[in-house]
Each structure stands twice: as structure tokens, then as C-alpha cells.
Amino acid sequence: MAKYIGAIDQGTTSTRFMVFDASGKIVTTAQKEHEQIYPKPGWVEHNSVEIWQRTQEVIADALQQKGLRPADLAAVGITSQRETAVVWERKTGKAVANAIVWQDTRTADYINEFSRDGGQDRFRGKTGLPLATYFSGLKIRWILENVPGARKRAEAGDVLFGNIDTFLIWNLTGGPEGGIHLTDVTNASRTQLMNLETLDWDKDILNAFGIPAAMLPRIASSSEVYGKAKLASLKDVPIAGDLGDQQAALVGQTCFSVGEAKNTYGTGSFLLLNTGDRPVQSKYGLLTTLAYKIGKQPAHYALEGAIAITGALVQWVRDNLGLIQKSPEIETLARTVKDNGGVYFVPAFSGLFAPYWKGNARGVIAGLTRYATKGHLARAVLEATAFQTREVVEAMKKDSGIELDALRADGGMIENELLMQFQSDILNKPVVRPVIKETTALGAAYAAGLAVGFYKDIDDLRSHWSVEKTWRPSMDEGAREELYRLWKKAVTCTFDWVD
């Protein structure tokens with residue numbers, strides 16, 4: 001009997017393969033980065049062929065480290081960056097263009113075009129999403145209009161669309177030789193093409209965007225057996241779980257009850273609140289999205305606050321300014337000062353996401369004086385993540401009426417003790433770090449494990465979740481609110497920067 005469960009975690013900057021035992025402990029892992037392509041200001045692309053190559057490499061590497069064979073794995077789940085759009089040839093698997101990444105802003109003109117009739121919330125009632133460059137539907141439109149012959153081939157069914165999850169499942173299950181073309185409800189909900197009620201593609205929106213239904217994948221649940229892998233290193237292993245990365249972290253954190261929330265501190269930060277089996281439409285700048293759907297059980301929904309730039313700001317300080325050599329050094333530098341010295345950094349590099357949704361905003365550093373040092377700047381960089389998270393938490397309370405008891409945290413930045421304490425202080429809530437921190441990959445493994453009976457039910461999953469550390473607020477109320485007031489003032493300086 002297979003003792004382990006596998007997960008492909010395909011992220012914005014790298015791809016990992018992780019193998020877990022039944023208790024959720026990591027048995028083996030391998031990770032490789034892929035190229036970030038910036039052809040023009042505001043454009044961000046990935047080479048999907050490179051991503052597929054890296055995926056094959058990390059699977060082989062991880063299994064080889066422990067001498068594991070396909071028969072040792074009960075199933076494999078997939079989690080991936082969500083809104084990154086790939087369009088490829090059915091017969092060859094070759095992409096017609098580079099994948100357009102979720103951060104890319106080239107579709108801004110389309111936003112203006114569609115907003116003229118019905119405003120930015122024109123499709124929110126059906127999709128839970130405002131018109132924004134973030135989602136993959138308009139990225140498909142851009143490819144169809146700008147790649148010669150793409151539209152004609154799409155209408156004929158000769159080219160296929162998928163977010164990265166779909167592209168990987170198709171390749172894993174045979175590619176041009178009968179690969180399965182599907183996605184799950186969580187990834188489909190990030191295209192702005194799926195109806196939240198029917199859980200199917202919305203014909204009216206497809207017509208408005210000019211996207212042929214023939215190129216779209218079938219929408220499945222997040223946990224079911226989709227097919228078996230044809231890849232030699234995973235030969236005949238069931239591919240049985242598929243979740244967008246943030247929804248996978250929600251599952252990995254076992255946030256299965258209404259009112260439970262997690263925040264993933266990665267390249268961006270994404271806070272999801274489980275709202276149960278009915279979608280809650282946001283009036284305060286959040287996204288209404290699918291949380292997960294386990295087999296034939298009812299779908300669960302979430303409110304999401306998507307913050308574009310958090311960990312990416314630390315990378316920018318490292319790579320573009322050279323203030324640090326390695327990302328963890330940001331904490332050491334920030335600890336050289338006792339506070340931010342009046343400095344605020346609003347990283348609206350690709351506009352502001354939740355709760356503002358202002359694509360024409362751009363980043364600012366406010367409050368600079370001769371007193372400010374690189375330590376103050378480093379502190380402002382970390383505090384920006386915590387301030388943005390508070391804005392989202394406040395919007396969630398307004399939309400749902402739910403007051404958080406605590407915030408479950410995961411992602412690379414949770415190792416930063418200074419950030420986690422400041423997050424607790426500025427929220428005035430406990431912040432909890434779980435023992436098993438790789439919650440995104442774990443969520444995909446859980447979904448796959450449920451589908452094949454490796455795990456019995458969600459209570460079985462809950463039994464594996466435990467707390468490693470809790471940060472509790474210790475900041476004076478007056479100081480907290482003054483810091484936040486000045487942050488909000490700094491945010492307004494970013495508005496309407498691009499004419």
C-alpha cells in the first residue's frame with residue numbers, strides 16, 4: 001500500500017515537488033526557479049515550456065533523493081499560481097506566446113473599455129470579481145487579439161487555454177497524446193469567466209470578452225481523480241487534487257469552518273476567510289471566490305483580500321537597491337532602529353489591489369527626512385505588509401460581520417519575527433504560525449489524499465494541524481492608531497499617479 005502523498009507547488013518564481021507522509025510531515029522535496037520575463041514596463045511573462053521542464057525535474061529529483069518509486073505515492077495534487085494564463089497548441093503542447101503572469105498590467109485598456117458600460121463591478125455579481133488586470137480572462141483576450149491566427153485556431157479548438165494548473169494536468173496526463181484538459185472550481189473562479197452559482201463558464205461574459213468556449217477546460221471539483229500520470233517518474237499515479245495556491249493554503253491550514261482565516265505571506269499576500277456554502281458579495285473591495293469543493297460535496301466560498309506586493313518588496317530592496325544581500329537580512333537591518341522614523345513605503349508597483357483596486361496607482365515612499373536611514377526604510381518595507389493586511393481584515397469584517405479570533409499565517413515571510421509581532425500589534429489580534437509551514441503544498445496533498453481515501457475526511461486533516469508559535473499584541477492603542485492613520489495618508493499619495 002502506498003505510504004505517501006505528493007504535491008506539485010508551481011509558484012510565481014519557482015516550482016517545487018513535495019512528498020508528505022500521512023501525518024503531513026515532509027518526506028522529501030526539490031525546488032527550482034524559473035525565469036521572470038519583463039518585455040515592457042508593466043508586462044510580466046513566464047515561459048510555460050520552462051515551467052513544465054522544471055516540474056519534471058523537481059519530481060524526479062525529489063523522488064530520487066529518497067529512492068521512491070511511483071508505487072509509493074497514493075496520489076499527487078497540484079497547486080499553482082492562479083491567474084497566469086497559458087494558450088497552447090493541442091497537437092504539440094507548444095505555447096502560442098509566453099504565459100501572461102497575474103502581475104501583468106497590459107490589459108489596462110480593456111478594463112477601461114469594459115468599465116464604460118456598467119463600471120468596474122460590471123461582472124462582480126456573477127463572478128465575485130471587479131474588472132482588473134489581475135484575472136486571466138482578459139489575458140486570453142489579449143493573446144487572441146495580438147497573436148496572429150490565435151483567434152481562428154481557438155474557435156476551431158486547435159489551441160487550448162488554461163491557468164498553470166490546467167497546463168500541468170494536461171501535460172502530466174499525456175499532453176498531445178490524450179492529455180486531460182480540465183481545471184478545478186478555485187482556479188476557474190480566477191478567470192472572471194466562471195459563474196459563482198452554476199460553477200460553469202458564463203456564456204454572456206465569454207461573448208463580451210470574445211473568448212471561444214472551445215478553448216476552455218472542463219471545470220471539476222478540487223478533490224477527485226482526474227486521471228493517471230503518463231510521466232515516467234509518476235507512471236500511473238492518480239492526479240487527484242487541484243487548488244489555486246491561496247485556496248490550497250486555506251485547506252492546508254484546515255480552515256474548514258465559517259470564520260476561519262489564513263494569510264499567506266509570499267510574493268504577494270493573500271488573506272482568505274471561509275464564508276461557508278454561500279458566496280458573500282463584497283462591498284468593500286474584496287474578492288468573492290471559491291474556497292474549495294471536495295468531490296460531490298457542496299462548494300465552499302471565501303472572501304479574499306489580494307495584496308500584490310509584500311515579499312516582492314523585500315526582493316526589490318535586495319535586487320534593485322542592493323541594501324541587503326539576502327532576503328532574511330531585511331529583519332536584521334530593520335532591527336537597527338526602534339521604529340520607522342516616520343517613513344512609510346506603499347508598494348503599488350502594479351497598482352493597488354484589495355481593497356482599493358486602483359490600477360493607476362504607483363509606489364511611493366513618504367515621510368522622508370534627513371533623519372531617515374536605511375534601517376528606517378527596511379522597517380517601512382516590513383510594516384507595509386502588516387498595514388496592507390490590516391486594511392483587508394477591516395474590509396472582511398465590514399463585508400461578513402465576522403470578527404477574527406486569530407489570524408493563521410503561512411508563507412516565506414512568517415520566519416520574520418519582527419514582521420509577525422508588528423502584524424499582531426497593528427491588527428490587535430493573535431497571529432499563529434503552524435508547525436507544518438508548507439501549507440500550500442500540504443493543501444494540494446490533502447485534496448488528493450481525500451480523493452483516493454488516503455485521508456478519511458476533513459476531521460482527519462484537522463487532527464494534523466498544530467501551533468508552533470503565537471504572537472500576541474503588545475502595542476499601545478494610541479500608537480497603533482496613529483501609525484495606521486499615517487499609513488492611510490501615505491496610501492492616498494499613490495492614487496491616480498498614471499494619467
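How accessible is C493, and does that make the residue buried, exposed or partly exposed? With a relative accessibility of 43%, C493 counts as partly exposed, where buried means under 20% relative accessible area, exposed means over 50% and partly exposed lies in between (1.4 Å probe, protein chains only). Welcome to this predicted model, in which local features need pLDDT of at least 70 and side-chain atom pairs count only at pLDDT 80 or more, while totals for chains, interfaces and linings use all residues. Residues are numbered from 1 along each chain as its sequence is written, and side-chain values use heavy atoms, with hydrogens and water left out. Helices (H or I, at least four residues) and strands (E, at least two) are DSSP runs, numbered from the N terminus.

- Strand β5 (residues 73-80) runs parallel to β14 (residues 238-244), and five bridges join the two.
- Along this pairing, V76 stands opposite I239 in β14, and G77 stands opposite G241 in β14.
- Strand β5 also runs parallel to β1, with six bridges between them; here S80 in β5 is the bridge partner of Q10.
- Eight of the eight residues of β5 are buried, so this strand is largely enclosed by the rest of the structure.

**The seven-stranded sheet**

- A second open sheet contains seven strands in the order β17-β18-β16-β15-β21-β22-β23, again with mixed pairing.
- Its edge strands are β17 (287-292) and β23 (467-471); each has a single partner strand, so one side of each is left without a neighbour in the sheet.
- From one strand to the next, the twist averages 30 degrees.
- Strand β22 (residues 431-434) and β23 run antiparallel and are joined by four bridges.
- One of the residues to look for is P434, whose bridge partner in β23 is V467.

**Helix α2 and its neighbours**

- In helix α2 (residues 108-115), the residues Y110, I111 and F114 are buried.
- Seen down the axis of α2, these buried residues fall within an arc of 105 degrees, so they line one face of the helix; the arc is that of the directions from the helix axis to the C-beta atoms.
- The buried residues of α2 pack against α4 (137-146) and α8 (203-209).
- The axes of α2 and α4 come within 10 Å and cross at roughly 110 degrees.
- That makes α2 roughly perpendicular to α4 (angles under 35 degrees count as roughly parallel, over 145 as roughly antiparallel, 65 to 115 as roughly perpendicular and the rest as oblique).
- Y110, I111, E113 and F114 of α2 meet L138, R141, W142, E145 and N146 of α4.

**Another helix pair**

- Helix α10 (residues 311-321) packs with helix α12 (residues 374-400) at an angle of about 150 degrees, and their axes are 9 Å apart.
- The two helices α10 and α12 are therefore roughly antiparallel to each other.
- Their contact is made by L313, V314, V317 and L321 of α10 together with L377, V381, L382 and A384 of α12.

**Cysteines and one more residue**

- A disulfide is a pair of cysteine sulfur atoms within 2.5 Å, and by this rule the count comes to zero disulfides.
- C255 is buried, with a relative accessible area of 0%, whereas C493 is partly exposed at 43%.
- D460 has its place in helix α15 (residues 458-462) and counts as partly exposed at 23% relative accessibility.
- From C-alpha to C-alpha, D460 and S80 are 24 Å apart in space, and they are 380 residues apart in sequence.

How values were computed:
Contact = heavy atoms within 4.5 Å. Pairing = 2+ DSSP bridges. Axes fitted to C-alpha atoms, helices over the stretch in contact; angles between N-to-C directions.
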